[in-house]
Amino acid sequence: MTTAPHATDVRPVPPPAPEGKGLRTGSVGLAASIALGLSSVAPAYSIAVTLGFVTLVAGDLAPAALLLGFLPILLTAFAFRELNREMPDCGTTFVWTTRAFGPAAGWLAGGWVAQAATVIAMTALAKVSAGYLLALLGLHTLADSSAGVTATAVLLLAGLTAIAYRGLRVAAAVQYALLGLQLLALLGFGAAALARPGAATPSLGWLDPLGFDGFGPFAQAVLLCLFIYWGWDALITTNEETRDSGRIPGQAAVISTLVLLGTYLFTAFAALSFAGAGTDGLGLGNPDNAADVLATLAPPVLGDALARVMQLAVCVSAASALLTCLVGTSRGTLSMATHGALPRAFARIHPRHLTPGFGTVFFGATAAGLLVLFTLVSSHFLGDAILCIGLLIACYYGTTALACVWYFRDRLRDSPRDLLLRGVLPLLGGLLMLAAFARSATDMYDPAYGSTSFHGVGGVFLLGVGSIAVGAVAMLVARTRLPRFFHDGRTAVARLTVTDTPDTPDTTVSTDLTIPTDPTEG
C-alpha cells in the first residue's frame with residue numbers, strides 16, 4: 001500500500017529556465033563545451049601576460065601561486081556545477097544570485113559585475129591579438145603605433161562579432177582549431193625548455209604554500225592567478241544549447257579547470273627551469289619581461305622560426321577568448337532581458353541563426369568603443385585593466401559561491417554529498433574570493449599600484465571599484481525603468497513545474513509563477 005507523501009517532503013526543483021528564449025537546443029556536447037571553456041580562458045595569452053607579474057610578486061614560488069589561485073576557482077566551480085544542475089539557465093550567476101539573494105544582488109553582482117569584467121577583458125584581448133597579428137605580418141610600423149593597433153583591434157572585434165552572430169556551432173568549430181594550436185604550442189615550449197642544456201631540475205619547493213613573505217604578497221599573487229583561470233564559466237552560458245543541459249556544462253566546467261591547472265603548472269615549471277626567477281636577463285622576475293614572458297623566452301628556447309608559432313598561438317588565444325566572450329555576454333543579457341531585468345531588445349533572437357543578435361552586436365560595439373576610449377585616456381591601460389579584472393572576478397565568483405550555500409541551505413543535511421559539495425566547499429571558495437577582493441581593493445587604492453593614478457588614487461582601484469560603483473548607479477536607474485523585476489525578481493526568474501521521476505509519479509507539484517511579458521511594465 002502506498003501513502004501520499006507529506007507536503008513538506010515534496011521539494012520543488014526548478015527545471016531549465018523559462019521555455020522560449022529561442023536558442024538552438026542540443027547544439028553542442030561535452031567536448032565542444034570543454035573547448036569553449038578552455039578557449040574563453042585563452043591559455044597561451046593568459047600565461048604569457050600573467051606569469052611574469054606573478055613571479056615579480058612570488059619569485060620562484062610562482063607555481064605555488066598558480067596552485068593556490070586554482071583552489072578558490074575549483075571550489076567555485078563546484079558551486080557553478082551544483083547551481084547549474086538545479087537551474088540550467090544561460091543567465092547563470094545572474095539567475096542563481098537572484099534566486100538566492102534577491103533582485104538587487106542578482107542584477108548588480110550577478111549581472112553588471114560579470115558583464116563589466118568581460119567587456120574590460122575584451123578590450124585587452126582585442127588589443128593584444130591585434131598587436132601580435134601585425135607583428136606576425138611584418139607590419140612593424142603599425143604594430144608600434146597605438147592608433148594602428150587600435151584600428152586593427154576594432155576590425156578584429158567586428159570580424160569575431162560576425163562569427164558569434166552566426167551561431168554557436170560555427171563558434172565551436174572555430175574554437176577547436178584555435179585551442180588545439182594553443183595547447184600544442186604550450187606543450188612544445190615546455191618540453192623544449194626542460195630539454196635545453198643548462199635548464200635547472202624542477203623543484204617541489206616551488207609548490208611550497210608556506211613560503212610566501214606575508215599575506216600581502218600571497219593575496220596579490222592569488223588575485224593575479226584568478227585572471228589566469230577566469231573565463232571557464234562562459235561555457236555554462238551555453239547550457240540551454242547543450243545536450244543534457246543539467247549535467248554536461250557542470251562536468252565541462254570542472255574538467256576544463258583541471259586541464260588548465262595542468263597546462264599552467266607544466267609551462268611555469270618549464271619556464272622557471274630554463275630562465276629562473278632572476279630580475280635581469282631572461283629571468284621571469286625581470287620587470288622588462290613581465291608583460292609577455294613567452295615573447296622573451298620563445299626565441300632562445302624554440303629558435304626564431306618556431307618562436308613565430310608561439311606568437312601565432314598567443315594571437316589566436318586572445319582572439320578565441322574574445323569570441324567566447326561575445327558568446328557568453330550576449331547570452332547572459334538575453335536571460336536578463338527574458339526575466340525582465342533588461343530592455344526587451346536584448347532578448348531578440350535572430351530568426352535564422354537563432355542567436356541573440358542584438359546583444360552580440362551591442363557587446364562587440366561596446367568593447368570597440370571602450371577600447372578607443374581607454375587608448376585615448378592612457379597608453380598603459382592594458383596592465384591596469386588586467387589587474388582590475390581580478391577584483392571584479394573575485395566579487396562575482398565569491399557572491400555566486402555564497403549564493404550556492406544560501407540557496408541549498410535547507411538541503412545541506414540531506415546527505416554528506418550535499419553538505420560537502422553544496423555547503424562546505426562553496427563556502428570556503430566564496431570566503432577566499434571575498435577575502436582576496438577586500439585585501440586587493442585596499443592595496444589597489446595606492447597610486448603606486450599599477451601604471452596609472454588619478455588625484456592620489458590608483459587607476460586599478462578606480463577601474464575596478466569604479467565599475468562596481470557605476471553599476472550601483474545604473475541599478476538605481478534600472479529600478480525606475482524595470483520596477484516589476486526589482487519588486488519580485490525571484491518570481492521573474494522562476495516558473496516552477498516539477499515532475500517527479502517515473503517511479504514516483506504521484507508526487508508531482510506545480511507552482512505557476514508568472515513571468516512578466518513586458519519587462520518595462522510597471
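**Cysteines, salt bridges and a nonpolar surface patch**

No disulfides are counted in the structure, a disulfide being a pair of cysteine sulfur atoms within 2.5 Å. The structure is a predicted model, in which local features need pLDDT of at least 70 and side-chain atom pairs count only at pLDDT 80 or more, whereas totals for chains, interfaces and linings use all residues. Residues are numbered from 1 along each chain as its sequence is written, and side-chain values use heavy atoms, with hydrogens and water left out.

Burial was assigned from relative accessible area: buried means under 20%, exposed over 50%, and partly exposed in between, with a 1.4 Å probe and protein chains only. Cys315 has a relative accessible area of 6% and is therefore buried. Cys395, with a value of 13%, is likewise classed as buried.

Across the whole structure, eight salt bridges were found. A salt bridge is defined here as a side-chain nitrogen of Lys or Arg within 4 Å of a carboxyl oxygen of Asp or Glu. Glu82 takes part in a salt bridge with Arg81, where the closest N and O atoms lie 3.4 Å apart. Both Glu82 and Arg81 are buried. Glu82 also forms a salt bridge with Arg422, at an N to O distance of 2.9 Å. This pair connects distant parts of the chain, since Glu82 lies in helix α3 (residues 62–86) and Arg422 in helix α15, 340 residues apart. Helices are DSSP runs (H or I, at least four residues), numbered from the N terminus. Arg422, like Glu82, is buried.

A further salt bridge joins Glu86 to Arg411, with 2.7 Å between the closest N and O atoms. Here too, distant parts of the chain are linked: Glu86 belongs to helix α3, while Arg411 is in the loop between α14 (381–407) and α15, 325 residues away. Glu86 is buried because its relative accessible area is 3%, and Arg411 is buried at 11%. Through shared partners, salt bridges unite Arg81, Glu82, Arg85, Arg417, Asp418 and Arg422 in one network.

On the surface, Leu419, Leu420, Val424 and Leu428 make up a nonpolar patch with about 320 Å² of accessible area together. Accessible areas come from the Shrake-Rupley method with a 1.4 Å probe, and for residues only the protein chains shown count as cover. Patches consist of residues with over 30% relative accessible area and no salt bridge; like charges are joined within 9 Å, and nonpolar side chains (Val, Leu, Ile, Met, Phe, Trp, Tyr) within 5 Å. Leu428 is located in helix α15 (residues 416–444). Its relative accessibility is 44%, so Leu428 counts as partly exposed.

Terms used. Helix = DSSP H or I, 4+ residues; strand = E, 2+ residues; numbered from the N terminus.
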